[in-house]
Amino acid sequence: MDRFLSIEAFVRVAQTQSFAEAARQLRLSRAVVTTRVQQLEEVLGDALFHRTTRTVRLSEMGQAFYRDCLELVTRTNDLVDQMREVRGTPAGLLRVHALTGFMLGHAASLLREFQERYPDIVLDLFVSDAVIDPVKQGFDVALQIFKPVSDELVSRRLFPVRRVFCASSEYLLKHGSPRMPRDLFGHRLGLYSGYPTRDRWTFHRTGEDSVTLDLKPVLMSNSVHLLRDYVCEHAGIVCLPTLVAAEGICSGRLRIVLPDYQLSAFWLSAVYARTLRGAFKLRLFIESLGASFSGGEPPWDKALIEQGLIPPQLLED
């Protein structure tokens, strides 16, 4: 067991490139993690890392040792999970990196239901819009709208993320409503900075050629919630995912701009390591999320579709 704990500590330091972060993730002191790695180095007779005050990177020995150690730790954890599955008592820590727009306002009830079903699974949930490699950063799964960043990762789609331009009635009454995409150039725009297309936007309208524009925002942010607050202050026109904008649109506080034009949608997916495909806790978590959205449209989009505010067809990116 001592040898395995040392190997586990080595793998986590290699993934995070930080003794301090590895210690945080393992819920240990930095001194304990350092000691375990040093014990492993003493057994091997060579250094596993090159350390400086700012960086930690694998040595030649560490690079040769890492992949086999990762497979060992993964397989060992899988075996433990399988035994718990046989006993029907899944337990342990599951580290999740999740998109802010989804987690704030939509995920609490899903988390409650999951934990009521599996009370011995502890969720360590980190909320951020950053695109990450969950393996390198020590997460079991990342819930994000972008494709996996490496071939070592796989993804499972959960639900589509539609986007709309919207504004408050007060703003549109004062500044007018755009009728064509090019009319957006005459307005203050707030845009999400994390989309891969950056400032390049393509508008689709049935029976017409698509229109692609390079829009120039006066406000860029990696927070869709800040953009929502901005538009609710009658400050301009913003593009929001419907999972954030739907409540304001249905209540009448916000109005969809250019309703005849459609933007492509992304997918929120669960991204995780190929080697973790069969991991018991992870499988239960992803299946629980998938079941919540297996009935078709997510509830926020369904409400907008029923009111005729967005088209039912999905235009995928």
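I took the angle classes first: angles under 35 degrees count as roughly parallel, over 145 as roughly antiparallel, 65 to 115 as roughly perpendicular, and the rest as oblique. Axes are lines fitted to C-alpha atoms, for helices over the stretch in contact, and angles run from 0 to 180 degrees between N-to-C directions. Helices (H or I, at least four residues) and strands (E, at least two) are DSSP runs, numbered from the N terminus.

I noted that this is a predicted model, where local features need pLDDT of at least 70, side-chain atom pairs count only at pLDDT 80 or more, and totals for chains, interfaces and linings use all residues. Residues are numbered from 1 along each chain as its sequence is written, and side-chain values use heavy atoms, with hydrogens and water left out.

Entry on the helix pair. I looked up α9 (residues 242-251) and α11 (residues 299-306), which pack at an angle of about 45° with their axes 9 Å apart. The two are therefore oblique to each other. Their contact (heavy atoms within 4.5 Å) includes Leu 243 and Ile 249 of α9 and Trp 300 and Leu 304 of α11.

Entry on the sheet. I found an open sheet of five strands in the order β11-β8-β12-β7-β13, with mixed pairing; two strands pair if DSSP finds at least two bridges between them. β11 (219-221) and β13 (254-257) are at the edges with a single partner strand each, so one side of each has no neighbour in the sheet. The twist averages 35° from one strand to the next.

Entry on one strand pair. Strands β7 and β12 run antiparallel and are joined by four bridges. Phe 165 has Cys 239 in β12 as its bridge partner.
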